Amino acid sequence: GSSTAMLKLNELNERQYEAVTAPPQNMLVLAGAGSGKTKVLISRIGYLIQAHQTSAFSILAVTFTNKAAAEMRHRLESLLGQGTVGSQYGASGMWIGTFHGLAHRFLRTHFREAKLPESFQVLDSDDQHRLIRRIMKSLNLDDKRYPAKQAMWYINGKKDDGLRPKHIESFDPTEQVFLQVYTAYQEACDRAGLVDFAEILLRSHEVLATNAEVLSHYRKRFRHILVDEFQDTNKIQYAWIRLLAGAHGGNVAEKIPPSHVMIVGDDDQSIYGWRGAQVENIHSFQKDFTNVEVIRLEQNYRSTATILKASNAVIANNTDRLGKELWTEGAEGDPIALYAAFNEIDEARFIVGNIKKWQEEGGSLSESAILYRNNAQSRVLESALNEAGLSYRIYGGLRFFDRQEIKDALAYLRMVSNRDDDAAFERVINTPARGIGEKTLQMLRDAARSQNMTMWQAAGRLLDEKHLSGRASNAVQSFMDLIVQLESTVQPLPLHEQADHVIQSSGLKAMYQAEKGEKGQTRVENLEELVSACKDYEPDENMQEMPLLAAFLSHASLESGESQADAYEDAVQLMTLHSAKGLEFPMVFMAGVEEGMFPSQQSGDSPERLEEERRLAYVGMTRAKQRLFITHAETRRMYGQELYHRPSRFIAEIPQDCIYEVKLSTQMSRPQSGYSSGYGEASTYSQNSGYSSSSNHGSSTGHGGYQGDRNKAKSSKNFGGGFDQASSHLKFSESLFSLGQRVSHAKFGEGTVLNCEGDGDNSRIQVNFDDFGAKWLVTTYAKLTGI
Ligand code: ATP
Ligand code: MG
């Protein structure tokens with residue numbers, strides 16, 4: 001019928017069609033990357049609305065990121081027509097969002113039942129860390145023995161598991177300490193009306209679990225619940241779904257039957273185990289919900305056959321899998337390009353060079369994504385992109401609202417909005433410096449704790465009772481006066497003028513202006529950008545009742561980089577492998593694929609963590625539609641250190657015939673040391689390798705590149721321009737040492753191979769000896785042995 005045409009059900013394959021058009025029931029779609037799980041989920045919503053006349057009002061859809069939620073809304077609107085999905089937050093509309101976003105929305109509506117003040121604020125992880133540190137100090141805990149970070153992990157882990165201190169019994173002395181911190185921390189949060197991320201979910205679950213009326217309201221409303229990326233749900237998220245769905249036969253008394261739940265996921269893409277996600281939820285779902293129909297999808301529509309083959313081969317090394325193979329009808333495509341960079345700067349140049357070429361050949365910047373394991377890797381990539389004048393965007397990590405100066409300004413605004421916000425109080429009482437030292441702060445903390453007050457109240461008390469020294473007393477008084485004065489001045493102003501006034505009058509702007517160089521400049525620009533952010537801000541429906549400033553502050557806490565204003569500008573996409581989940585790009589670079597980076601150092605001795613790293617590799621590789629580049633650097637400056645890494649084991653797990661090793665040309669010699677400029681980058685690679693990055697993907701002719709000797713027949717058949725895996729001017733094979741390899745020398749002891757150059761008798765090798773530092777040796781005389 002016409003609904004079929006509109007929904008384009010004919011685009012679906014048989015299995016997908018079955019899932020989309022099944023009668024309302026519980027369903028589990030279990031399938032590998034790029035097989036159309038998300039597409040099925042979205043089509044299913046459309047189908048329910050069109051073919052079953054289901055009201056959008058009765059649908060709850062959970063996505064993994066805000067970006068995915070926005071995209072889903074957009075796709076549904078174009079599928080069903082404007083207005084059908086309801087305004088983003090309108091009561092008639094569908095609930096689409098992340099677990100945190102939806103639960104936060106729920107708490108805003110039910111703050112009373114949740115025993116929260118109406119203007120409760122969301123505490124981000126940075127603020128949470130500070131608050132915990134402060135509490136541990138006031139409990140006189142040694143921060144070497146009991147690091148605040150560890151306490152924070154403990155608390156969040158317990159919350160993710162749905163546990164309050166009263167539920168936990170421990171005989172382990174260390175855990176008892178953390179438990180004591182958890183208790184004190186929770187008291188402080190409750191006193192100040194602060195809610196951390198894990199608390200959002202736990203608290204909303206508690207409201208549902210203890211408030212029959214609220215629960216039955218939502219059960220009546222949400223007849224259909226759909227969850228994407230289900231493999232990464234944690235215990236409390238799963239409990240939340242179970243409760244809302246009425247998994248155990250619904251509500252008999254009120255005759256509310258259980259809701260229909262569709263979950264889609266892939267156990268091979270479970271990458272948040274370290275954060276409490278439980279892939280076992282997939283199994284639990286089949287037990288806890290009745291008559292679950294399991295649907296498997298096996299055709300991949302995203303990637304080339306080569307990328308798919310390589311990804312399948314890598315993930316096959318994991319033992320703990322539900323097991324599935326993906327196939328594709330797609331083209332063979334180009335081989336995966338592997339580049340061994342000299343250092344991280346060379347790596348960044350190589351990547352940028354290839355993006356430039358892509359652009360020159362008519363591609364857009366936003367079609368390329370650079371994925372990395374650690375956030376810190378972005379800095380060098382960013383600077384290479386800047387140098388080349390290419391726009392880029394970072395998802396996650398360096399979010400605008402996470403930047404120091406922005407958080408300072410927000411903390412002032414938070415103080416203006418709520419005096420009892422201890423985290424904000426701590427952040428700005430001495431920023432800019434007003435001579436309030438650690439000793440005074442400690443007195444305030446102690447007083448707050450012992451008298452069960454907020455820091456603001458404690459400060460007032462100490463001033464009244466003249467407990468502070470003259471100087472400290474003046475400083476604290478002037479801070480408090482400032483806040484009171486800010487409040488009365490800004491109250492009648494529009495939001496953006498409030499922000500502007502606070503930024504100026506607090507002295508923040510002057511402080512950052514005084515900071516020398518580009519950094520200070522950027523910070524000032526960011527502060528200015530905050531004023532624009534306020535200008536652009538419109539509160540959603542649930543927050544319209546509260547003061548605009550408080551609403552904006554909540555929005556700022558929840559907002560992540562993924563929905564910044566420049567989201568639609570054509571720009572290279574930078575993100576961690578974790579935040580790439582669910583996304584796809586024509587061209588993907590995976591940078592820093594080195595032992596010690598990826599898999600990470602920490603995962604080294606744990607088989608489970610290693611498997612999770614491998615799943616992350618699988619996620620990364622399967623983001624690529626047409627082109628995949630994998631790079632690693634022989635030396636890397638990071639965290640202020642010089643690191644020497646071998647190529648990642650994941651590279652070795654890719655079948656040889658899927659890979660093309662990009663080598664520098666024979667005319668070019670590598671720099672002999674450090675960070676000298678002016679060599680290589682992508683031009684040598686394109687001129688000499690003949691590995692085309694032009695748009696004729698998958699073509700087997702016309703690249704005119706060179707053919708490697710050994711692989712000639714095979715490569716020309718399999719991979720377009722062909723390639724040579726063995727030839728290299730670096731002659732690693734002759735010296736039998738690979739870069740990054742550990743070697744031993746009679747005099748200098750053990751070290752790591754950094755570099756090689758020259759041929760035969762002239763070949764030289766650079767080794768970084770553990771005890772003697774980096775040395776160039778003539779390979780034939782060096783008599784190195786591999787270890
Ligand atoms: P991931 O596990 O990475 O989240 P997924 O299983 O959710 O992947 P989708 O993102 O839904 O996969 O789909 C991958 C790509 O394949 C998308 O571009 C989608 O439009 C396309 N696709 C899915 N099914 C079909 C189909 N039947 N015909 C054509 N294209 C399809
Ligand atoms: Mg998906």
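Modeller: Here it is; keep in mind that this is a predicted model. Take glycine 36 to begin with: leaving out residues up to four places away in sequence, glycine 36 touches Gln16, Leu297 and Tyr301.

Colleague: Where is glycine 36 found?

Modeller: Glycine 36 sits in the loop between S1 and H3.

Colleague: And is glycine 36 buried or exposed?

Modeller: Buried, because 24 other C-beta atoms lie within 10 Å of glycine 36, and the cut-off for buried is 20 or more.

Colleague: OK, serine 35 then. Which residues is it in contact with, leaving aside neighbours within four places in sequence?

Modeller: Serine 35 is in contact with Leu297, Glu298, Gln299, Asn300 and Leu326. Serine 35 lies in the loop between strand S1 (27-31) and H3, and it is buried, with 28 other C-beta atoms within 10 Å.

Colleague: Switching to ligand 1. How many residues surround it, and which are the closest?

Modeller: 19 residues surround ligand 1, and the closest are Gly36, Lys37, Thr38, Lys39 and Tyr301. Helix H3 (residues 37-51) gives the largest share of that shell, three residues.

Colleague: How does the shell divide into nonpolar, polar and charged?

Modeller: Four nonpolar, nine polar and six charged.

Colleague: Why does ligand 1 lie between domain 1 and domain 3?

Modeller: Because both domain 1 (2-112 + 200-297) and domain 3 (305-320 + 330-392 + 578-701) give residues to the shell around ligand 1.

Colleague: Where does UniProt place the "binding site" feature?

Modeller: The unreviewed UniProt entry places it at Ala31, Gly32, Ala33, Gly34, Ser35, Gly36, Lys37 and Thr38.

Terms used:
Residues are numbered from 1 along each chain as its sequence is written. Chains are lettered from A and ligands numbered from 1 in the order in which they are written. This is a predicted model: local features need pLDDT of at least 70, side-chain atom pairs count only at pLDDT 80 or more; totals for chains, interfaces and linings use all residues. A residue is near a molecule or strand if its C-beta atom, placed from the backbone, lies within 6 Å of it. Helices (H or I, at least four residues) and strands (E, at least two) are DSSP runs, numbered from the N terminus. Ala, Val, Leu, Ile, Met, Phe, Trp, Tyr, Cys and Pro count as nonpolar, Asp, Glu, Lys and Arg as charged, and the others, Gly among them, as polar. Domain bounds come from an automatic or database domain assignment. UniProt positions are given in the numbering used here, feature names are shortened, and annotations may be inferred rather than shown by experiment. A residue is buried if 20 or more other C-beta atoms lie within 10 Å of its own, exposed if 12 or fewer, and partly exposed in between; C-beta atoms are placed from the backbone. Two residues are in contact if their C-beta atoms, placed from the backbone, lie within 7 Å.
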